[in-house]
Every structure is written in C-alpha cells, then in structure tokens.
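Dear colleague,

I am handing over the structure that we spoke about, and you will find the sequence and the coordinates just below. My notes on it follow, and I would be glad if you read them with the model open.

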Amino acid sequence: MGSDPKVRAGAVDVVRHWQDLGYLIIYVTGRPDMQKQRVVAWLAQHNFPHGIVSFCDGLVHDPLRHKANFLKSLITDLHMRIHAAYGSTKDISVYSSISLPPTHIYIVGRPTKKLQSQCQFITEGYAAHLAQLEYNHRARPAKNTTRMALRKGSFGLPNQTEFLRKRNHLLRTISSQPSATASSAGHRPERTQSQSESDKERDRE
C-alpha cells in the first residue's frame, strides 16, 4: 500500500535455515493478487529464499479463511505435510485448522495466557529462535522431499512474472508427501530440478 515494511532482524536467516534443510518454502498472504509484483519485488529486495507465493483472488472479506483453504488444498490434493508455520497471532486459527500441533506454530507477538497453549511465541527475536531450533534439534532435514524442489537461492527481481506463472505448474508437479514450511508474510528464478519428459520436450520446442 505504498509502504516498505521493515524485515525483522534474523527473519531471512530462519527461512534460509529451513530451505537449507530441504523444506519447500511457502509464503501465504491475504493480500490480493494485484499486488503480486510488489510483494515478490519486496521478497527479492530483502533476499528471502525462493518459494511458492499464494495470494487471494482479488479482494476478499475473509483472508484468513482463504489462507486456511489454500493450505488445506495442499494437504488434501497434493498430500503435503506442513512441518512448521510462522505468522502473527491472527494466523494461529489458520494453522490450527490444518491440525498443526502448537509446538510447530511459531508466532511473533506479545504472549497471552489465552494463546500460550496454542503456539510457540517468538519473544526474543528470530536470531534467538534460530539458535533454539538448532539447540533442540527440532529443525531436522526434510523427509520425503519433493524431487522438484526449487533450487536454493533468493527471489530475483528479473522475470518475477515468469516465476509467478510457474507457480501453478509447481503445485501440479509436486511429488507425493513433500514437507513444507509455511510463512504468512539479483538471481534469476531457476527451473525445478526434475521435469517430466513432456515438459523437457515442450521447453525444447
């Protein structure tokens, strides 16, 4: 909306940590799809790792329901398993609706007694959170990862629209039961690592 939100210190490092472990990163936003270019440009500007970006189809009255339905479709239709999810207090209901345990829901915000049993509050910043993940050995390499996982790197400013056009293709070609990390929130986006022969043939044409 014309503003340039600041990135919380250490946030990019946490997302990159999950990517390095082999998890597919999914950015889920309640923003309308008309803001695709602006949001992806912001992700690129701040060096966030590659991932799938989900927007609302135009302006919706209930963006939280839209987020929940999107994640449910990943689980139901693509047999994905969400491993960890990040957001603000309003996202707790979204992540609870997909039966994600409170120990895997990480929330930035002031802890409240009412919500303390429903999530893990990140109270000391993302750097401390990352250190705790490593100390607790909770952040383990992904199992049954998709063979077509996005290659490591950051969003690139060039060809953003090309990357967004590929999003639906990515969703259709994800192999069975990949693990994913959901986040509410100068390299060229690269091709997925494994393609079907028909895709390769089409690319050659």
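This is a predicted model: local features need pLDDT of at least 70, side-chain atom pairs count only at pLDDT 80 or more; totals for chains, interfaces and linings use all residues.

Residues are numbered from 1 along each chain as its sequence is written, and side-chain values use heavy atoms, with hydrogens and water left out.

The protein has eight helices and six strands, where helices (H or I, at least four residues) and strands (E, at least two) are DSSP runs numbered from the N terminus. Along the sequence they follow the pattern α-β-α-β-α-β-α-β-β-α-α-α-β-α. Of the 205 residues, 45% are buried; buried means under 20% relative accessible area, exposed means over 50%, and partly exposed lies in between, with a 1.4 Å probe and protein chains only.

To return to strand 4 (residues 105-108), Ile 105 and Ile 107 point one way from it and Tyr 106 and Val 108 the other way, and all are buried. In a regular strand the side chains alternate between the two faces of the sheet. Strand 4 is also joined by three bridges to strand 3 (residues 81-87), and these two run parallel, with Gly 87 opposite Ile 107.

Helix 1 (residues 11-20) and helix 5 (residues 126-136) have axes that come within 8 Å and cross at roughly 25°, the axes being lines fitted to C-alpha atoms over the stretch in contact, with angles that run from 0 to 180 degrees between N-to-C directions. Helix 1 is therefore roughly parallel to helix 5, a term that covers angles under 35 degrees, whereas over 145 counts as roughly antiparallel, 65 to 115 as roughly perpendicular and the rest as oblique. The contact (heavy atoms within 4.5 Å) is made by Ala 11, Asp 13, Val 14, His 17 and Trp 18 of helix 1 and by Tyr 126, His 129, Leu 130, Leu 133 and Glu 134 of helix 5.

Because seven of the 10 residues of helix 1 are buried, this helix is largely enclosed by the rest of the structure; the buried residues are Ala 11, Val 12, Val 14, Val 15, His 17, Trp 18 and Gln 19. Helix 1 is followed by Gly 22, whose phi is positive, near 100°.

In the segment before helix 1 lies Val 7, which is partly exposed, with a relative accessible area of 27%. Leaving aside residues up to four places away in sequence, Val 7 touches Val 12, Trp 42, His 46 and Phe 48. Val 7 and Trp 42 are 35 residues apart in sequence and 9.8 Å apart in space, C-alpha to C-alpha.

Asn 47, in the loop between helix 2 (36-45) and strand 2 (52-56), has a positive phi near 65° and is partly exposed at 42% relative accessibility. Ser 99, in the loop between helix 4 (92-96) and strand 4, has a positive phi of about 65° and counts as exposed at 65% relative accessibility.

With best wishes

Methods:
Two strands pair if DSSP finds at least two bridges between them.
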